[in-house]
Amino acid sequence: MLRIAVPNKGMLSQTANEMLLEAGYRGRRNDRELVGFDPENEVEFFYIRPRDIATYVGEGVLDAGITGRDMLLDSASKAQEIRALDFGESTFRFAARPGVFERVEDLAGKRIATSYTGLLDTYFAEKGIEAELVKLDGAVESSIQLGVADAIADVVSTGTTLRQAGLEIFGPVILESTAVLISTPEKVEHAQTLIKRLEGVLVARRYSVMDYDIPADRLQEAMAFTPGFQSPTVSQLHDENWYAVRSLVPNSDLNQVMDQLSSVGARAILVTALQAARM
């Protein structure tokens, strides 16, 4: 039985559960559920604090998990990123009172408050900067006002919380984070069905099926707009002067592609949403 760690709360929890439901797995029944069994798929879910997931997976206690890239790298776990899951995007940035710091080099010898000491220690080592890291759990925005730190390093989604605390972002992006599927080299083969299902969900979210009819003499032009994953499916209609074409098209390009097809004579252009996929 495959044992999977899923965030029990926070910004990753709901979307991770929705993605697993779309992949055909049993969902979490309520917020108090700590363990979930899915006998049809031979899977056992463990709902765990996101920050602890990389540790459990890295130690081989669980086979795979969904967590944030930032938390994976901060943990120094043996677990590895298998696949980015395209939700929970955020950036890890420095912030301080306006005008105090401009460059990351200005932090040499200063106190930096963060919940991600492992990640930040690695970053400073790569930059050759020596600074004092102040480990705090949870919100770190008040640490400067309380005199605990000179600057902070934290995950930023919109920056609203920092601005409300009278802080401004400075310096380069430390890390671009997103939700990721993790496992270990020893366990990844055991998790292949999970990986393929989640990849199928990502494809279904990004693409739609487009069908259209096109005159034979404009077929090549039309296919240039709809190349698909490998190539489009082409069938001759009863009228030998027309062809029917089916292809996958990125959702972000649907209307533009329909305009292009219409301009070369395509008719009956139809779009169908994907529910699931295997590529």
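Residues 204–275 have end C-alpha atoms that lie 6 Å apart, and this span is 28% helix and 40% strand; helices (H or I, at least four residues) and strands (E, at least two) are DSSP runs, numbered from the N terminus. For these residues, an unreviewed UniProt entry lists "domain: Histidine biosynthesis HisG C-terminal", an annotation that may be inferred rather than shown by experiment. The model is predicted: local features need pLDDT of at least 70, side-chain atom pairs count only at pLDDT 80 or more, and totals for chains, interfaces and linings use all residues. Residues are numbered from 1 along each chain as its sequence is written, and side-chain values use heavy atoms, leaving out hydrogens and water.

Let's turn to helix H6. Its 15 residues, 192–206, should span 21 Å at 1.5 Å a residue, and the end C-alpha atoms agree, being 21 Å apart; the expected span is 1.5 Å times one less than the number of residues. Among the buried residues of H6 are Leu194, Ile195, Arg197 and Leu198, where buried means under 20% relative accessible area, exposed over 50%, and partly exposed in between (1.4 Å probe, protein chains only). Their cover includes strand S1 (2–7), helix H1 (13–22) and strand S12 (207–215).

Next, follow strand S6 (residues 90–96) to Thr91. Thr91 is buried, because its relative accessible area is 18%. Leaving aside neighbours within four places in sequence, Thr91 is in contact (heavy atoms within 4.5 Å) with Asp154, Val155, Val156, Val173, Leu175 and Glu176.

Finally, look at Val35 in strand S2 (residues 35–38). Val35 counts as partly exposed, since its relative accessibility is 33%.
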